[in-house]
Amino acid sequence: MVRRHPVTHDYRLVPAAAAVWATAVAGLFLSWQSAVATGLIAGAIGLAAWRRAWWTRTCAIALLISGPVAAAWVGSNVLRAETHPLRLAANEGRATTLTAELTTRPRGIRAAGFGGHQAGVDHVVITATANGAQLVLLAPAAKWRDLLPGQKVTAKGTLAPPRAGDLTSALLRVRGPPIDPQPAPPWQRWADGLRDGLRDASAVLDDEEAGLLPALVVGDTEQMVPRIVDEFRTAGLAHLLAVSGANLAIVCGAVYLLVRRFRTGPRTAAVAAMVALVGFVLLAGPEPSVLRAAVMGAVALLALVLGRQRSALPSLAAAVLVLVLVDPALGGDPGFALSVVATAALVLVAPKWARALKERGIPSGLAEAIVIPTAASLATAPLVAGLSGQVSLISVVANLIAGPVVAPATVLGVIAAVVAPIWPGAAELVVHVAGPAITWLVQVGRQAAGVPGASVGWPEGWVGAIALVVAIGTAVLLLRFKKTRALVVAVLVGGFVVLVPLKVVAPVWPPDDWKVVSCDVGQGDALVLATNDADRAVVVDTGPDPGAVDRCLKTLGIKRIPLVVLTHLHADHVGGLQAVLTGRAVGAVAVGPLKEPAWAWREVRRQAAKHGVRVVEPKAGERFAWPGLEVEVIGPRRPPAAGDTNTTVNDYSLVLKAHTRAGRVLLTGDVELAGQAALLGERDLRADVLKVPHHGSRYSLPAFLKAVRPRVALVSVGTGNRYGHPSPHVINELRAGGALVLRTDKDGDLAVLPGNRIVRRRRTWSGSGFTTRATRFPVARLASRGRCGSRATRRPRGRTTNSNPISVTTSAKRSKTAPAPSPTRRLSRTCCRRPRPPNRRRRTTSSPSTCSTTTCESRRTCGTTTTTTC
């Protein structure tokens with residue numbers, strides 16, 4: 001039944017709530033003086049409004065009282081945090097031993113793997129109280145991740161100043177395990193048992209679904225696959241991974257409706273729903289985000305019980321007043337802001353839009369299904385853009401498609417958690433029933449994130465948030481007037497018509513006829529070698545992050561991978577293996593002779609067995625060939641030595657030489673001094689393109705770099721890494737040898753094309769936001785230094801041309817009856833230009849030409865010669 005008259009909302013508490021919130025923000029991000037001034041100004045406005053009758057008496061009096069109260073309370077809390085002895089000790093970086101009481105569950109910090117260290121959670125963050133001050137503990141995950149709120153522990157560590165935006169007095173970097181931990185309260189142990197039961201029951205699903213279900217139900221993201229987190233963020237579904245008012249509304253609403261079916265009154269059903277709300281808060285943990293969600297869920301439940309939409313807005317305002325006054329730190333919590341803004345949009349905007357759609361003949365249920373995600377997404381878009389630096393253009397559609405399965409999956413997850421301690425088998429059965437819904441969510445997030453242009457870059461911080469508010473407000477304002485409505489629609493349609501062909505039909509990336517791509521995967525390696533088939537390529541290393549390598553392969557359109565080569569088993573080379581194997585046809589995984597570190601070898605075997613992919617161990621001298629690509633294994637040639645030190649593992653990296661139409665490519669893994677010295681015995685190390693060993697570390701031999709003499713040097717390195725990669729010495733050596741050095745941290749994804757061309761793809765800032773640009777520029781002819789010509793047109797001796805997915809030829813075992821290789825075609829003689837090293841003056845003297853063995857053009861530059869006639 002459609003209401004004939006619009007619902008009028010009660011705004012009397014809104015100014016008071018806004019004043020308290022503004023006072024908290026001023027105190028947290030500026031100073032306690034700013035908080036006092038903001039609160040007193042709000043009180044003065046309330047006094048003027050009361051005396052001059054600007055607003056209703058209740059509204060003016062609420063603002064008059066709340067302003068000074070917030071000024072005194074927030075100001076005193078900020079002042080106490082800033083002047084506490086622990087803050088003074090933190091400013092001096094003192095070492096200390098503290099006895100603290102934990103107030104939240106440990107929250108893991110996921111780190112990208114590097115070297116022998118496995119990617120994952122290695123540290124946890126815990127909030128606590130000690131000596132009347134709030135602390136943040138940064139502790140090792142090994143012994144601290146199992147602690148619970150309410151426990152008292154003694155910790156040793158070093159104090160440091162906290163970040164701005166909360167009431168924390170100090171950050172304690174903990175060293176060692178917790179000392180003398182006291183037992184947690186009984187209800188915390190009970191809730192922890194339920195969470196463990198849900199986690200164990202979810203293990204019957206695949207890895208991605210098993211990690212998503214606890215995150216969806218109780219916000220437990222410990223087992224989340226990083227790829228899912230990245231896809232949900234891009235698709236605008238990241239809110240499903242945290243406990244929010246929606247979770248509580250679903251659980252309490254289900255309990256309310258279930259009790260009502262037994263013909264009980266609304267009061268009894270409301271009491272049962274409130275009991276479920278309290279139990280859910282205990283299950284998820286008494287963290288600020290959970291408490292915030294509880295208040296928001298209580299608001300929705302209260303509106304449902306009373307059947308009065310008009311009560312929702314004053315309830316929301318009262319919730320903001322109470323929560324911010326009780327805990328002023330919530331005023332700077334992004335999750336709190338997202339919840340308040342989303343709830344306000346559902347209360348104020350969604351009913352009007354739903355009513356408008358119903359008046360146009362759209363069924364009631366469909367109208368609400370369209371309006372709710374649209375209103376919430378538009379209202380929270382500025383905050384999300386300011387926090388993440390991107391705007392999801394697919395979030396409304398993704399939430400609309402995912403919405404129908406969220407409620408049943410959440411309810412089934414709660415049932416599984418409650419049943420697991422009593423009957424684990426029944427809990428696993430319930431999880432199996434919820435499995436299809438969880439799989440649906442995974443696929444929705446994956447497909448939505450894979451849409452070209454699913455998200456666009458946007459400036460971060462307050463500037464980005466305010467800019468998007470202005471943009472959305474202007475568009476909504478112009479759409480309200482008939483004269484400007486057509487203009488706005490025309491601009492939007494025109495932009496869609498122009499941008500879609502540019503971004504989807506004819507994207508600037510990948511460039512046509514690319515042969516080698518070095519993917520920007522952060523501090524790690526991932527290279528792609530193209531074959532003659534558009535969707536088939538060989539992948540060499542997979543980087544540390546599944547999301548990064550998956551994005552790179554998606555943009556390149558790679559669906560078939562005949563061979564994945566893992567040069568060695570360090571985390572920054574194997575971390576993305578799962579993403580590479582998922583959703584693609586993979587022939588085999590090639591590994592080197594040293595199976596260290598042990599955890600990485602176990603993970604590689606597990607992932608390969610899970611996806612039905614065989615693991616092979618190629619030897620030096622073997623060749624793999626596909627149409628348009630040949631890969632030769634040239635190292636290591638020594639038997640592996642025992643030990644799993646980083647240097648040993650690096651020196652036993654697989655070293656490959658790839659023959660492509662863009663020239664010869666030398667892929668060196670992370671070989672260091674001993675490994676490079678062993679390669680100097682090779683007959684011919686020269687290559688047109690060099691993947692610089694070990695991210696350009698200082699452990700590179702000048703003799704090795706001179707032996708390779710690349711025209712292009714690709715350095716795969718992470719921005720701002722703490723290892724000092726790449727070494728300026730190595731970069732200077734390469735440039736002095738005439739190489740064009742390109743880095744993924746500065747140039748982004750790098751593509752090598754035939755015809756001496758390089759294309760780089762990086763995110764740059766323009767007036768309209770962050771855009772991805774592909775820049776083309778020619779380089780010197782991809783040729784050897786000894787000849788003025790290209791080796792890319794030469795047919796390598798013994799090259800195999802088998803078109804099978806994997807063709808392996810060992811040169812030492814070549815049949816005597818095999819046909820002789822095709823004669824080498826005559827090389828085209830072209831002149832070469834050796835780039836002048838930077839920051840060097842041009843030499844005025846001439847030196848003998850290094851290209852005097854052939855007849856070239858009459859005027860050229862080769863080596864240091866300025867004008868020479870061959």
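## Terms and model

A residue counts as buried at under 20% relative accessible area, as exposed at over 50%, and as partly exposed in between, using a 1.4 Å probe and protein chains only. Helices (H or I, at least four residues) and strands (E, at least two) are DSSP runs numbered from the N terminus.

This is a predicted model, in which local features need pLDDT of at least 70 and side-chain atom pairs count only at pLDDT 80 or more, while totals for chains, interfaces and linings use all residues. Residues are numbered from 1 along each chain as its sequence is written, and side-chain values use heavy atoms, with hydrogens and water left out.

## Helix α20

Let's start with α20, which spans residues 546-556 and is mostly covered, with eight of its eleven residues buried. Among them are Pro546, Val549, Cys552 and Leu556. The cover over these buried residues includes helices α8 (226-235) and α22 (577-581) as well as strands β9 (516-518), β10 (527-530), β11 (537-540) and β12 (560-561).

Now for the two ends. Just after the helix comes Gly557, with a positive phi of about 75°.

## Helix α14

Over in α14 (residues 350-359), the buried residues are Ala350, Ala354 and Arg355. They line one face of the helix, because they fall within an arc of 130° when seen down its axis (the arc is taken from the directions from the helix axis to the C-beta atoms). Lys352 and Glu359 are exposed on the other side.

The buried residues of α14 pack against α13 (334-348) and α15 (364-388); contact here means heavy atoms within 4.5 Å. After α14 comes Gly361, with a positive phi near 95°.
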